[in-house]
Amino acid sequence: MSYFNELYQEVILDHNKRPRNFGELPEADCQADGNNPLCGDRLTVYLKIDGNTVTDVRFKGAGCAISTASASIMTETLKGKTAEEIERMFRKFHAMVTGKTTPSAEATADLGKLAVFEGVSGYPVRVKCATLPWHTMLAALHHSDDTVSTE
Ligand code: ZN
């Protein structure tokens, strides 16, 4: 097993078992719902925003290990970031999980723990699980009222 595969499993299992920032955020400024019918993942992402900066983020819902771990790790990486920084990070994350870039040091240096999701790039269904929390969070950030669906 490669280094990435081992790391991938360990980090994802840990975040699935003990999701960080899990639960409602009563004083949220915006929120959105996401739904991945292909796998059955459902979640709600809550954001607290000050000016253009995300100051707090939480999520709740139920899904597979990949979607729960992706949401958990996402919430850890967003706090203190501006909307532009978050969108730039999502573009890199998306390029990596869809296999358009490889996790070279340069490409993933600032993706940090998100690099563990490189392992889903060979599995189109899993890519939807990993990106659902991000699409949902971006909908909340842009105050879109529609429920995000991967289908
Ligand atoms: Zn899933």
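Which protein donors does the zinc ion have? They are Cys39 (SG), Asp41 (OD), Asp41 (OD), Cys64 (SG) and Cys129 (SG), lying 2.2 to 2.6 Å from the zinc ion. Donors here are N, O and S atoms within 2.8 Å of the metal (3.2 Å for Na, K and Ca), and sites may look incomplete because water is not among the atoms.

The model is predicted: local features need pLDDT of at least 70, side-chain atom pairs count only at pLDDT 80 or more, and totals for chains, interfaces and linings use all residues. Residues are numbered from 1 along each chain as its sequence is written, and side-chain values use heavy atoms, with hydrogens and water left out.

Along the chain, the donors of the zinc ion follow the spacing C-x1-D-x22-C-x64-C. Helices (H or I, at least four residues) and strands (E, at least two) are DSSP runs, numbered from the N terminus.

Cys39 is partly exposed at 28%, whereas Cys64 is buried at 18%. Cys129 is buried with a relative accessible area of 0%, and Cys30 counts as buried at 6%. A search of the whole structure finds zero disulfides, a disulfide being a pair of cysteine sulfur atoms within 2.5 Å.

Next come the strands. β2 and β3 run antiparallel and are joined by nine bridges; two strands pair if DSSP finds at least two bridges between them. Lys48 stands opposite Asp56 in β3. The hairpin of β2 and β3 has two residues between the strands, and Gly51 takes a positive phi near 65° there.

Rings of Phe, Tyr and Trp (its six-membered ring) pair if their centres lie within 6.5 Å; planes under 30 degrees apart count as stacked, over 60 as edge-to-face and the rest as tilted. The whole structure has four aromatic pairs. The ring centres of Phe22 and Phe59 are 5.1 Å apart and their planes are at 90°, so this pair is edge-to-face. Phe22 lies in the loop between α1 (3-17) and β1 and Phe59 in strand β3, so the pair ties together parts 37 residues apart in sequence. Phe22 is partly exposed at 39%, while Phe59 is buried at 2%. Elsewhere, ring pairs link Phe90, Phe93, Phe117 and Trp134 into a cluster.

Terms used:
Buried < 20%, exposed > 50% of the residue type's maximum accessible area, 1.4 Å probe, protein only.
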